[in-house]
Amino acid sequence: MAAQYGNGSVRYYAVPVAFDSTGSSFTVPGAPGVVAGPARAEVPKSSYTVTVPEGGLSSAVGEFLTAYLTGAGEVDRYLAPGVNLTAVSPAPYTAVAVQQVSAVDEAAAAEQVLADGTRVRVLASVEARDATGRWPLAHERTLKARSGRWEVAALASGTAQDGGAR
């Protein structure tokens, strides 16, 4: 257990807990004791080091995420052939604003759509809005160039901030 105090300090406690034989109830048989906090984990360096300029690729990512997370627009129009994906339902957000798009591949920095078949992996940092507030989100996607536009070719099952292998 951790407790944060008004001055910003954090203390960690071990709390003894005893369960009955069925596991359906418990009791705290003793006082909590102060313990050392967990060691700091090292954050891996992100592979998403290429800044994607505003425009083509960033716009495609933003438009897709708006359709996907708000239900405003058709998700299908942003998908590469063979990719089957529906918008999140019910739509959890009312608006999505792209804050930054970064990529693993240098090709993503090009201002124009590249040759058909070019693939880039991107990490989009967005702010999603709902009735209760604003939520920072990160979405990882692979996009593929086709017929002068970018299409979503793959989604990551989770967001790997380090751009790890698929």
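Let's start with Arg149. Its relative accessibility is 32%, so Arg149 counts as partly exposed. Some cut-offs here: buried means under 20% relative accessible area, exposed means over 50%, and partly exposed is in between, with a 1.4 Å probe and protein chains only. Arg149 meets the side chain of Glu151 in a salt bridge, 3.0 Å from N to O. Glu151 is buried, with a relative accessible area of 1%.

A word on the model. This is a predicted model, where local features need pLDDT of at least 70, side-chain atom pairs count only at pLDDT 80 or more, and totals for chains, interfaces and linings use all residues. Residues are numbered from 1 along each chain as its sequence is written, and side-chain values use heavy atoms, with hydrogens and water left out.

Back to the charges. A salt bridge is a side-chain nitrogen of Lys or Arg within 4 Å of a carboxyl oxygen of Asp or Glu. Side chains of opposite charge can pair when their charged atoms come close. The structure holds 4 salt bridges.

Which residues are linked in a network of salt bridges? They are Glu127, Arg129 and Arg134. Take Arg129 and Glu127: their closest N and O atoms are 3.0 Å apart. For Arg134 and Glu127, the closest N and O atoms are 3.7 Å apart. Glu127 is buried, at 19% relative accessible area. Arg129 is partly exposed, at 29%. Arg134 is exposed, at 57%.

Next, the strands. Helices (H or I, at least four residues) and strands (E, at least two) are DSSP runs, numbered from the N terminus. Two strands pair if DSSP finds at least two bridges between them. β9 and β10 pair in the antiparallel sense, over 6 bridges.

Last, the core. A nonpolar core is a set of buried Ala, Val, Leu, Ile, Met, Phe, Trp, Tyr and Cys residues joined through side-chain atoms within 4.5 Å. The largest one has 28 residues. Leu57, Val61, Phe64, Leu65, Val122 and Leu143 have the most contacts inside it. The largest share, 8 residues, comes from α1.

What does Val61 touch, leaving out residues up to four places away in sequence? Val101, Val122, Ala124 and Leu143. Contact here means heavy atoms within 4.5 Å.
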